[in-house]
Amino acid sequence: MTAIVFAGSPARAGTTGKLAGTILGADKQPISFAAVMLSGKTLRNNTDDEGRYNIINIPPGAYNVVVNHICLLYTSPIPQDRTRTRLP
């Protein structure tokens with residue numbers, strides 16, 4: 001699975017970030033209607049029919065992103081203050 005993640009610029013007091021990207025399967029095809037969430041937070045969204053998602057209003061910090069689908073469970077860390085990250 002590949003997730004391409006775009007996060008906001010380094011956090012400043014009173015600002016929030018955004019996590020957006022596309023979830024692809026091993027065959028490089030989009031994974032539709034997967035749940036994408038930040039562990040330990042109630043922030044989440046589902047991918048659309050093209051595997052795209054976004055989560056907004058994320059407080060500054062480091063998180064684990066979790067992708068859950070009927071045939072998939074994936075977790076990967078997202079470091080704090082990263083502006084662009086490609087998950088394995």
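Asparagine 57 is found in strand β5, a strand being a DSSP run of E with at least two residues and a helix a run of H or I with at least four, numbered from the N terminus. The model is predicted: local features need pLDDT of at least 70, side-chain atom pairs count only at pLDDT 80 or more, and totals for chains, interfaces and linings use all residues. Residues are numbered from 1 along each chain as its sequence is written, and side-chain values use heavy atoms, with hydrogens and water left out. Let's explore it together.

**Exercise 1. Work out how many helices and strands the chain has, and describe its surface.**

Step 1. Count the elements: there are 0 helices and 8 strands. Along the sequence, they give the pattern β-β-β-β-β-β-β-β.

Step 2. Turn to burial. Of the 88 residues in the chain, 34% are buried.

Step 3. Check how sequence relates to space. Among contacts (heavy atoms within 4.5 Å) with a separation of 6 or more, residues 24 or more positions apart account for 48%.

**Exercise 2. Identify the partners of strand β3 and say what covers its faces.**

Step 1. Take the pairings, which require at least two DSSP bridges between two strands. With β4 (residues 44-46), β3 pairs in the antiparallel sense over 3 bridges. With β6, β3 pairs in the antiparallel sense over 4 bridges.

Step 2. Follow methionine 37. Arginine 44 is its bridge partner in β4, while valine 66 stands opposite methionine 37 in β6.

Step 3. Examine the turn. β3 and β4 form a hairpin with 5 residues between them, and glycine 40 in the turn has a positive phi of about 80°.

Step 4. Inspect the faces. Ala35 and Met37 on one side, and Val36 and Leu38 on the other, are all buried, leaving both faces of β3 covered.

**Exercise 3. Which residues have the most contacts inside the largest nonpolar core?**

Step 1. Define the core as a set of buried Ala, Val, Leu, Ile, Met, Phe, Trp, Tyr and Cys residues joined through side-chain atoms within 4.5 Å. The largest has 13 residues, and those with the most contacts inside it are Leu19, Ile23, Val36, Leu38, Ile55 and Ile58. Two or more residues come from each of β2 (17-24), β3 (35-38), β5 (52-58) and β6 (63-69).

Step 2. Zoom in on isoleucine 55. Leaving aside neighbours within four places in sequence, its contacts include Leu19, Val36 and Leu43.

**Exercise 4. Is threonine 47 buried or exposed, and what does its side chain approach?**

Step 1. Threonine 47 lies in the loop between β4 and β5. Its relative accessible area is 2%, so threonine 47 is buried.

Step 2. A polar atom of its side chain lies 2.8 Å from the backbone nitrogen of phenylalanine 33. The backbone nitrogen of alanine 34 likewise lies 2.8 Å from a polar atom of that side chain.

Step 3. Not counting residues up to four places away in sequence, threonine 47 touches several others, among them Ile23, Ile31 and Tyr53.

**Exercise 5. How many salt bridges are there, and which residues form them?**

Step 1. Apply the rule: a side-chain nitrogen of Lys or Arg lies within 4 Å of a carboxyl oxygen of Asp or Glu. The count comes to 2.

Step 2. Arginine 52 meets aspartate 48 at 3.1 Å, N to O. Arginine 52 also forms a salt bridge with glutamate 50, with the closest N and O atoms 3.0 Å apart. Shared partners join Asp48, Glu50 and Arg52 into one network.

How values were computed:
Buried < 20%, exposed > 50% of the residue type's maximum accessible area, 1.4 Å probe, protein only. Areas by Shrake-Rupley, 256 points an atom, 1.4 Å probe, with all protein chains shown as cover. Polar contact = N/O pair within 3.5 Å; in protein donor to acceptor, adjacent residues only side chain to side chain.
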